[in-house]
Amino acid sequence: MSSCRRPEHSAPPEVFYNEEEAKKYSQNSRMIEIQTQMSERAVELLNLPEGQPCFLLDVGCGSGLSGDSLSEGGHYWVGVDISTAMLDVAIDREVEGDLLLGDMGQGMPFRPGTFDGCISISALQWLCNADKRTHSPPKRLYTFFSTLYSSLSRGSRAVFQLYPENSEQVKNLTLITAQAMRAGFSGGMVVDYPNSSKAKKFFLCLFAGVTGVLPKGLGSETSDKAVSNQVQYSGQRCRFKNMKGKSVKKGRDWILEKKERRRRQGREVRADTKYTGRQRRPHF
């Protein structure tokens, strides 16, 4: 029963994520919350320089939910997705990144060393399916990873969130990791909350051109809690606690920062007034 609910078992991504599914996906509050949490975790695993805007790639960007986390961090980004309907929703949402229609199994069409990092949320496992007679999952994975490796600057990272369906599909993780290493990456799998069946999350953390120290997963037992490259979390995920001076989302300061970013990008933005960020009274 659970396998029937998984999108990759229904149809290829460009078919499954039609106009109706794209709108439902982008309007589901639970889906938005989960996507945001996983995107923020992926950005943390990138270990980007603090306070320095970077140029990032979002593979399988969909309607731009993960890209919102990149914009809030002050980064610039390019999103790639195979679904025209999802990209149309991203345009309607006026996301701040640039969007590109493309199949990641055919490779990334960017110049060498273009990006400072890459994230991908719930997209990489699609390459393990042979949706067409000409599709070969190992070849498509290698094509993707080899072109991605070229488009990343040396020393940068790529973080992929993926979810195996069951214990048998762990072999897909082995296939994915093997093709990534063959393309030149180093790194491995980071598992958050490994002892929880519901909260467990898999992140493939890859290093381009250097051999880095693999971060430890959240919720894993460790005696050394002062490891510098480990992201510390409490049992309950509070998105805006300890944000080091960043503005709370949807607050006045956050809105002013977002409007200023859009002005720097040359976009048309309404003038700031005393009503900017003020909450409206509820209507009954």
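Predicted model: local features only at pLDDT ≥ 70, side-chain atom pairs only at ≥ 80, totals over all residues.

Student: How many helices and strands does the chain have?

Tutor: The chain's secondary structure consists of eight helices and seven strands.

Student: What share of the residues is buried?

Tutor: The chain has 284 residues, and 41% of them count as buried. As for contacts with a separation of 6 or more, 63% are made by residues 24 or more positions apart.

Student: Let us turn to the helices. How many residues of α4 are buried?

Tutor: Six of the eight residues of α4, which spans residues 65-72, are buried, and the helix is mostly covered. The buried ones are Leu65, Ser66, Gly67, Ser69, Leu70 and Ser71.

Student: At what angle does α3 pack on α4?

Tutor: The angle between α3, residues 29-46, and α4 is about 50 degrees, and the two axes are 8 Å apart. The two helices are therefore oblique to each other. The crossing of α3 past α4 is right-handed.

Student: Which residues meet there?

Tutor: From α3 come Ile32, Gln35, Thr36, Ser39, Glu40 and Val43, and they meet Leu65, Ser66, Ser69 and Leu70 of α4. Leu65, Ser66, Ser69 and Leu70 are also among the buried residues of α4.

Student: Why might residues spaced like that point the same way?

Tutor: An α-helix has 3.6 residues a turn, so residues three or four places apart point the same way.

Student: And which residues of α5 are buried?

Tutor: In α5, residues 84-92, the buried residues are Ala85, Met86, Leu87, Val89 and Ala90.

Student: Moving on, where is Pro53?

Tutor: Pro53 is in the loop between α3 and β1, the latter being residues 55-59. With a relative accessibility of 48%, Pro53 counts as partly exposed.

Student: What does Pro53 touch?

Tutor: Setting aside residues up to four places away in sequence, Pro53 touches Gly74, His75 and Tyr76. The C-alpha atoms of Pro53 and Gly73 are separated by 7.8 Å, although these residues are 20 residues apart along the chain.

Student: Now the aromatics. How many aromatic pairs are there?

Tutor: There are seven aromatic pairs in the structure. One of them joins Phe144 and Phe160 in an edge-to-face arrangement, with 5.9 Å between the centres and 80 degrees between the planes.

Student: Which parts of the chain does that pair tie together?

Tutor: Phe144 belongs to helix α6, residues 137-151, and Phe160 to strand β5, residues 152-162, so the pair links parts that are 16 residues apart in sequence.

Student: Is Phe144 buried or exposed?

Tutor: Phe144 is buried, at a relative accessible area of 0%. Phe160 is likewise buried, and its relative accessible area is 0%.

Student: What else is Phe160 in contact with?

Tutor: Beyond neighbours within four places in sequence, the contacts of Phe160 include Cys118, Ser120, Leu124, Leu148, Phe202 and Phe203. Phe160 and Met38 are 122 residues apart in sequence, yet their C-alpha atoms are 9.8 Å apart in space.

Student: Which residues form the aromatic cluster?

Tutor: Phe144, Phe145, Tyr149, Phe160 and Phe185 form one aromatic cluster.

Student: Which ring does the charged end of Arg154 sit over?

Tutor: The charged end of Arg154 sits over the ring of Tyr149, a member of that cluster, at 4.4 Å from the ring centre. Elsewhere, Arg182 lies over the face of Tyr142, 4.0 Å from the centre of the ring.

Student: One last topic, the backbone. Where is Ser122, and what is its phi?

Tutor: Ser122 is in the loop between β4, residues 115-121, and α6. The phi of Ser122 is positive, about 55 degrees, although this residue is not a glycine. Ser122 counts as buried, at 18% relative accessibility.

Student: What about Tyr193?

Tutor: Tyr193 also has a positive phi, near 50 degrees, and is a residue other than glycine. Tyr193 lies in the loop between β6, residues 186-192, and β7, residues 201-207.

Note on methods: Residues numbered from 1 in each chain as written. Heavy atoms only, no water. Phe/Tyr/Trp six-rings, centres within 6.5 Å; stacked < 30°, edge-to-face > 60°. Helix = DSSP H or I, 4+ residues; strand = E, 2+ residues; numbered from the N terminus. Buried < 20%, exposed > 50% of the residue type's maximum accessible area, 1.4 Å probe, protein only. Lys NZ or Arg CZ within 6 Å of the ring centre and 35° of its normal. Axes fitted to C-alpha atoms, helices over the stretch in contact; angles between N-to-C directions. Parallel < 35°, antiparallel > 145°, perpendicular 65-115°, else oblique. Left-handed = near helix turned anticlockwise from the far one by under 90°. Contact = heavy atoms within 4.5 Å.
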